[in-house]
Each structure stands twice: as structure tokens, then as C-alpha cells.
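Here is a friendly briefing to read alongside the coordinates. Take a look at the structure first, and then we will go through it topic by topic.

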Amino acid sequence: MTSQSPAEQTEAPDDYKQAWASIQHMVFFEGMSWSGREQNRLFLNLGNMEFADVSSVGTIDFAGDGRAAAVVDWDDDGRLDLVLKNRTAPRLQVLRNLASGGGAWLKLDLVGTAGNRDAVGARATVEAGGVRQGRTVYAGEGYLAQSSKRLHFGLGAAESVDAVTVRWPNGDRERFTGLEPSRRYRLVQGSGAPAAVEARPAAAFDRPPPAAPRLNASGVSRIALVEKLPIPYLEIPAFAKQDRYVGDLQGRPVLLNLWGNTCQNCLVEFAGFQQAKAAIDASGLRLVTLNTDPADQHERARSILARFGLDDADAGYADEQFLTAFEVLLREVVGGNFGTPLPTSLLLDSAGSLVAVYRGRVEPEVLLRDVELLKRMDPADPSDTKLSFGGRVFRKTRDYASLVEQFEQLGLSEMAGFYRQGMQAQQGGGR
């Protein structure tokens, strides 16, 4: 490798610049989801290659971040159930199919003897009611998922099964007769005859559900900042006023509360806020809720807030720009991939500086205690943080240069400009 003197160096070619920009973009978003908040979708086959989105009717359009789906007759009743895997909580969901009037069905367990025992690759064709249907045994399907290897056929109004033909993985073909609708059979390669299998329902579904576990408030993670982080140019859209910033709320302590319509812990937290409303109002704390659901769910969010008596004038939502900026700020506070469970709350002082983060449900007693401590702190002193309950050994200096770079890359010029001023103040020896 040879080196060039400054006089000999030339500007990097455009393709190099583009490649470096891509690398920077990849590094910057390391640890983040490339496709977050992906709601599940259910489609009804209308025939002729047409499908209808029936997600809401099928009650499957959860707001979680879906990743995988598997089909299985969990309770062995002839109706296919769904198992869903999400990136966010709840991580696992079992949807039991209780639909009535679905018609007859047939379930087949294929067992190979000349090749793989699971009969992976075998294809069964069912002839019933004048209709031929085919199903193949797979060892993996979909994204990070494996449905049951038991083959399920919907027979509709068919009153009998004419025959089942199996093409086994080694190429052999075998025909089975004598099967009845709405039964489960085991077909062993080379046997020539189906073996009926009795249903094994899931007894747990017939028992009453267990009592709801008592929610443990100790699971909350309280992060008190040892050096305040001013965020006056963080945009927090309100339902009534889209262009609203943290700086517009200066003058009293503020709690920014991120929540979702389907978040049970959020509703429990709201109930606590409602019960402690008199004490919260007396403390001077301003509660600003930010809903994280899509825009078409905002009316539902406002009705939920009204149910708990929360101020709709201050209520707003967390859009994509807010969540992106929020992740940048939290990385500056805690480093690495912080993650944002719901609810998450940010406590701000009267100057609009971040002083504490609560991951999970925060009890009103803890919140009110912190607000009282906040009143004893100097809003003009970024190092006056009594919330950490300790003494300071050395002062932490905020990495404003990194914030400037990140917000410039995101195109958030106001945020970048504000932290550039902070960076210049640091370089000039100011606080």
C-alpha cells in the first residue's frame, strides 16, 4: 500500500462516496428494526386470484410487531388455529378458532418408510364431493415458522371421501380408500390401508382461565440522569396542534407518557394517574400523553383518555419523526440499543430538560416523589440532578457533536442546530 501527499490526494469518486454513505447509514441504525410495528393481516380467498383483507373482522390486526405465523389444529377439533410470534410483547399468541358452520374436514398424518419418516416432500390428493385438493408436507414455511406437518383438508358439504392418493418422497404412489369426513387418519407408506386416530382435545381449553397475575410495579426501570439533557426542539405533535415542541411546555414539570391502545400496563398506569389526580395537579406536574398507534387509531385513543379523565388538550401522538429522534436521545442517555417498552415516560424539568426516564409502569408515589425533588433543583444548572440520590465524583459531558451528526443525517435541522450551539458552548468553555 502506498500513501499520497496532501498535494497528490484527489477527491473521492462518487461511487466511493455513495458506498461510504450506505455504510454510515447501516452503522447508525444498528440494532434498530428495519420494518417495525408490522400489524398482522388476514386475507380471505375470493377465488380467481382475488383476496379481501378481513384482518379487523378476524380480530387479528394486533398493533404488535409481527414476525412469524404457524397454522395448527391446537385443540384437535377440525378447525385450524394460529400461533403468532411477535418481536414485541406479547411475544407469543395462540388464536383459537371457534368459528361454527365450517363444514366437513379431513386430517392426515403421513408416515414414510422408504426415505424420511416425516414424509417431508410427500403430496396427498383428496377426492371428495367432486373436488380434488392437494397438500404437500413441508419442513419449513413462511418466515422463521413451521406449521403442523399434519395435512388438513376442508371438505365443505361433502358427505364422503372417494379416495386419497399419496405421492411419497421416493416417487411411489399409493391410493387409500375407506376414509370418512371429519376424521383424522394415519397413512403409513406401503400399508395400503388408513388407520383412524381418535381426537385428542386440549383439556386446558375446557378449564376456566387462571386468575390474572398481579402486576409487579418493581419491574419498572427508573433511570435518573446525572447530567440533564435539554430537548426543547423535540417535536411532540398534539391532536389539537401538530406543530408543538417540548419548548412550548416550559414553565412547569412535564411527564411525556408514551402509550398504546392495546397496552394493558398503560391502562393500569392511567388508572393510577386517575386515582392520584388531585395530588398530581397539586404538584404542578403537567401530564402529556403521546399515543404510539397509527393515525387511524387516534380516535380510539382519545376515547380511552376521556375514560380516564386525562386532559385531551395536552394529549398527542408519537409519529415516526418523534420515535426516530427519541431513539437518538435515549442512546445518548443510556448507550446501545435501549428499546422502548410501553409504557415509557420522560420526566422534564421546567426548562424542558430531560431528567429521568421510566421504562414500564410508574407508580404515582414514585412520580410525585421525583417531582418534589425536581422542585429543589436549579433548572439553569445542567449538573443539578438530585434524582440520582448520590454525590458527583466528576461531571459528565454530553456528546453534542454526535447528536449534531445524527440529527443532520436524519434531516432534523432544528435539533441539529440546537445541539450545535451546545457543542460550540462546550468548546468555548461555557456550560
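A contact here means heavy atoms within 4.5 Å of each other. With that in hand, in this predicted model, 60% of the protein chain's contacts between residues at least 6 apart in sequence join residues at least 24 apart. The chain holds eight helices and 19 strands, and 39% of its 431 residues are buried.

**Confidence and surface**

- The average pLDDT of the protein chain is 85, and 85% of the residues score at least 70.
- Residues 1–12 stay under 50 in pLDDT, and the model gives them three contacts beyond four places in sequence.
- Residues 215–219 also have a pLDDT below 50, with seven contacts in the model beyond near neighbours in sequence.

**Helix α2 and its surroundings**

- Helix α2 runs over residues 264–275, which makes 12 residues.
- From first C-alpha to last, α2 reaches 17 Å, close to the 16 Å expected at 1.5 Å a residue.
- Which residues of α2 are buried? They are C266, L267, E269, F270, G272 and F273.
- An α-helix has 3.6 residues a turn, so residues three or four places apart point the same way.
- The cover over the buried residues of α2 includes the strands β15 (254–259), β16 (286–291) and β18 (344–348).
- That cover also includes the helices α3 (277–283), α4 (298–307) and α6.

**The disulfide**

- How many disulfides are there by the distance rule? The count is one.
- The disulfide is formed by C263 and C266, with their sulfur atoms 2.3 Å apart.
- The link between C263 and C266 is right-handed, with 85° about the S-S bond.
- C263 and C266 are both buried, and C266 is also one of the buried residues of α2.

- R361 sits in the loop between β19 (353–359) and α6 (364–375).
- Why is R361 classed as buried? Its relative accessible area is 12%, and the buried class covers values under 20%.
- The side chain of R361 makes a polar contact of 2.9 Å with the side chain of E363.
- A polar contact of 3.3 Å also joins the side chains of R361 and N265, and residue 265 falls within the 264–275 range of α2.

**Backbone details to check**

- Most residues other than glycine have a negative phi, and most peptide bonds are trans.
- D76 has a positive phi, near 55°, and is not a glycine.
- D76 lies in the loop between β3 (66–72) and β4 (81–86), and it is buried, with a relative accessible area of 9%.
- L144 has a positive phi of about 55° and is likewise not a glycine.
- L144 is placed in the loop between β8 (131–136) and β9 (151–156). Is L144 buried or exposed? L144 is exposed, with a relative accessible area of 69%.
- The peptide bond joining L342 and P343 is cis, with omega about -5°, and P343 belongs to the loop between α5 (320–334) and β18.

**Q421 in helix α8**

- Q421 is part of helix α8, residues 413–427.
- Q421 counts as exposed because its relative accessible area is 54%, and exposed means over 50%.
- In sequence Q421 and V404 are 17 residues apart, while their C-alpha atoms are 9.5 Å apart in space.

How values were computed: Residues numbered from 1 in each chain as written. Predicted model: local features only at pLDDT ≥ 70, side-chain atom pairs only at ≥ 80, totals over all residues. Heavy atoms only, no water. Helix = DSSP H or I, 4+ residues; strand = E, 2+ residues; numbered from the N terminus. Buried < 20%, exposed > 50% of the residue type's maximum accessible area, 1.4 Å probe, protein only. Polar contact = N/O pair within 3.5 Å; in protein donor to acceptor, adjacent residues only side chain to side chain. Disulfide = S-S within 2.5 Å. pLDDT = per-residue confidence, 0-100. Expected span 1.5 Å × (residues − 1).
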